[in-house]
Amino acid sequence: MRVVMIGTGYVGLVSGVCFADFGHDVICVDKDPSKIDVLQNGGIPIFEPGLESLVAKNVAAGRLSFTTKTKDAVANASAVFIAVGTPSRRGDGHADLRYVYAAAKEIAGYIKGYTVVINKSTVPVGTGDEVEAIIGNICNSSNFDVVSNPEFLREGAAIQDFKRPDRVVVGTLSDKARSVMRSLYRPLFINETPMVLTDRRSSELIKYAGNAFLATKITFINEMADLCERVGANVQEVSRGIGLDGRIGKKFLHAGPGYGGSCFPKDTLAVTKTAKDAGTTLQIIEAVIAVNEERKETMASKVINAVSKDGNLSGKTISILGLSYKPNTDDMRDSPSIPIIKKLVASGASIRAFDPEAMQEAKRELPDITYCRDPYECAKGGDALVIITEWDQFRALDLTRIKELLNAPTLIDLRNIYSPDNMAARGFNYTSVGRPS
Ligand code: NAD
């Protein structure tokens with residue numbers, strides 16, 4: 001099947017290469033010529049484990065190509081995905097749909113035979129109706145269907161998530177479109193992946209409800225961590241104790257510096273706006289957003305309190321390990337590291353930082369900090385070392401060397417990757433999240 005992916009970012013590129021690996025002929029389109037240039041020359045514009053070799057394999061097999069020209073790609077395609085960004089709209093927090101609507105308009109101009117237009121971007125309820133209207137202004141309605149097919153992949157494990165999803169959600173009542181969707185995802189049926197065939201509006205809301213629920217789970221355990229600190233309990237024990245209950249589940253119960261990234265912050269906000277427009281209030285999600293915002297402030301204060309009694313960090317250097325919002329990605333969008341570092345800087349600190357993949361991206365938001373080559377260069381001369389992102393390589397640091405390099409043996413572990421007892425035995429002033437030190 002000839003498949004087109006409009007938008008070649010984290011979702012479009014991964015989805016495109018995975019569909020090619022399923023055996024389809026895929027053209028990935030992006031309006032950013034620098035991205036397409038990198039891809040046409042065998043490079044990868046983002047960091048995602050396993051992506052480079054999978055792209056190379058499918059390009060070599062002749063099933064995957066890249067272009068900036070929507071026209072050439074869409075004519076003769078059976079399925080056209082929209083996988084463009086839907087960031088928060090400045091000022092009001094609604095999802096900004098201008099890229100989705102622009103893509104729909106472009107696609108409409110080039111549709112020839114029956115084509116299924118599939119929205120993979122995360123979009124508010126009713127966006128599919130609008131996309132249908134935009135295309136219907138130009139094309140005969142029998143020539144196309146608009147389907148919602150939200151994406152649930154996680155950056156850092158994107159290929160595995162795409163190829164072995166918990167479920168595939170398909171929102172359309174058209175039998176013809178459902179049949180195209182089944183053909184697209186045929187290899188997953190062999191693994192008996194559940195397919196949720198539903199209407200378009202429910203499908204659009206499933207994505208927001210899922211992300212809002214996960215953000216709630218993270219925020220819940222973060223608040224429990226605060227309580228643990230007050231009452232001398234250990235949040236990791238609490239997480240284990242409740243997570244073993246099958247009704248609760250173990251995942252997303254790790255206390256830390258708050259959720260971030262390209263999805264949870266904007267999607268939780270957007271769904272509360274959708275609710276308001278519909279005349280109702282999502283009070284739980286509104287509370288989650290407020291608690292998560294506050295969390296980053298609290299985490300910065302945790303660092304400040306560990307280093308200075310009066311809150312003044314003038315003349316102090318803080319060494320930061322991990323900048324991306326989670327390990328195994330270079331994505332810095334809404335990373336908790338940004339507000340934490342900005343507050344430390346506002347308190348007078350100089351910052352040295354290291355991240356295995358995200359430093360290039362980080363420089364846009366944090367241009368004035370010192371970027372280091374590795375964790376040890378980062379620790380050198382620091383008055384404290386702060387772990388913000390739990391990259392695997394930070395789990396096995398040479399702590400003797402780190403202690404020698406630091407000005408003071410103070411370590412603030414915002415991901416609980418080290419043991420308080422062990423760190424105390426090594427002579428560190430160790431602070432973590434929700435655990436007695
Ligand atoms: P991204 O910013 O990485 O990529 C979007 C790409 O679309 C950009 O490269 C941009 O240049 C391109 N683009 C915009 N308009 C275009 C047009 N008219 N024609 C061609 N290209 C165009 O975004 P992303 O992270 O891949 O997210 C895409 C969507 O998927 C969003 O709605 C997001 O919420 C959702 N989503 C993201 C993830 C994730 O982990 N990143 C997971 C699930 C869902």
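1. A residue is called buried here when its relative accessible area is under 20%, exposed when that area is over 50%, and partly exposed in between. With that in hand, welcome to this predicted model: buried residues account for 53% of the chain's 437 residues.

2. Let's start with the overall form. For 437 residues, a compact globule would have a radius of gyration near 22 Å, and the chain's 23 Å agrees with that. If you like to count elements as you turn the model, you will find 18 helices and 14 strands.

3. How do the contacts run along the sequence? Taking contacts between residues at least 6 apart in sequence, 73% of them link residues at least 24 apart.

4. Next, the surface and the charges. The chain exposes about 19,600 Å², and carbon and sulfur atoms supply 49% of this area. Its side chains include 53 positive and 52 negative ones, with the centres of the two sets 2 Å apart.

5. Now for the interior. In soluble globular proteins, nonpolar side chains tend to be buried together. Here the largest nonpolar core holds 55 residues, and Ile318, Ile320, Leu323, Leu344 and Ile351 have the most contacts inside it. Helix α13, residues 283–307, gives the most to this core, with five residues. Apart from this core lies another, of 39 residues, including Val14, Ala20, Leu51 and Phe66.

6. You will find Arg63 in the loop between α3 (51–60) and β3 (64–67). Arg63 is partly exposed because its relative accessible area is 23%. Although Gly23 is 40 residues away along the chain, the C-alpha atoms of Arg63 and Gly23 are separated by 7.3 Å. Beyond residues up to four places away in sequence, Arg63 touches Ala20, Asp21, Gly23, His24, Asp25, Val26 and Asn58.

7. Is Arg182 buried or partly exposed? Its relative accessibility is 35%, so Arg182 counts as partly exposed. Leaving aside neighbours within four places in sequence, Arg182 is in contact with Phe189 and Leu197. From Arg182 to Thr70 the C-alpha distance is 25 Å, and the two are 112 residues apart in sequence.

Notes: Residues numbered from 1 in each chain as written. Predicted model: local features only at pLDDT ≥ 70, side-chain atom pairs only at ≥ 80, totals over all residues. Heavy atoms only, no water. Core = buried A, V, L, I, M, F, W, Y, C linked by side-chain atoms within 4.5 Å. Buried < 20%, exposed > 50% of the residue type's maximum accessible area, 1.4 Å probe, protein only. Helix = DSSP H or I, 4+ residues; strand = E, 2+ residues; numbered from the N terminus. Rg over C-alpha atoms; globule rule 2.2 N^0.38 Å. Contact = heavy atoms within 4.5 Å. Areas by Shrake-Rupley, 256 points an atom, 1.4 Å probe, with all protein chains shown as cover. Lys, Arg positive; Asp, Glu negative; His and termini not counted. Charge placed at Lys NZ, Arg CZ, Asp CG, Glu CD.
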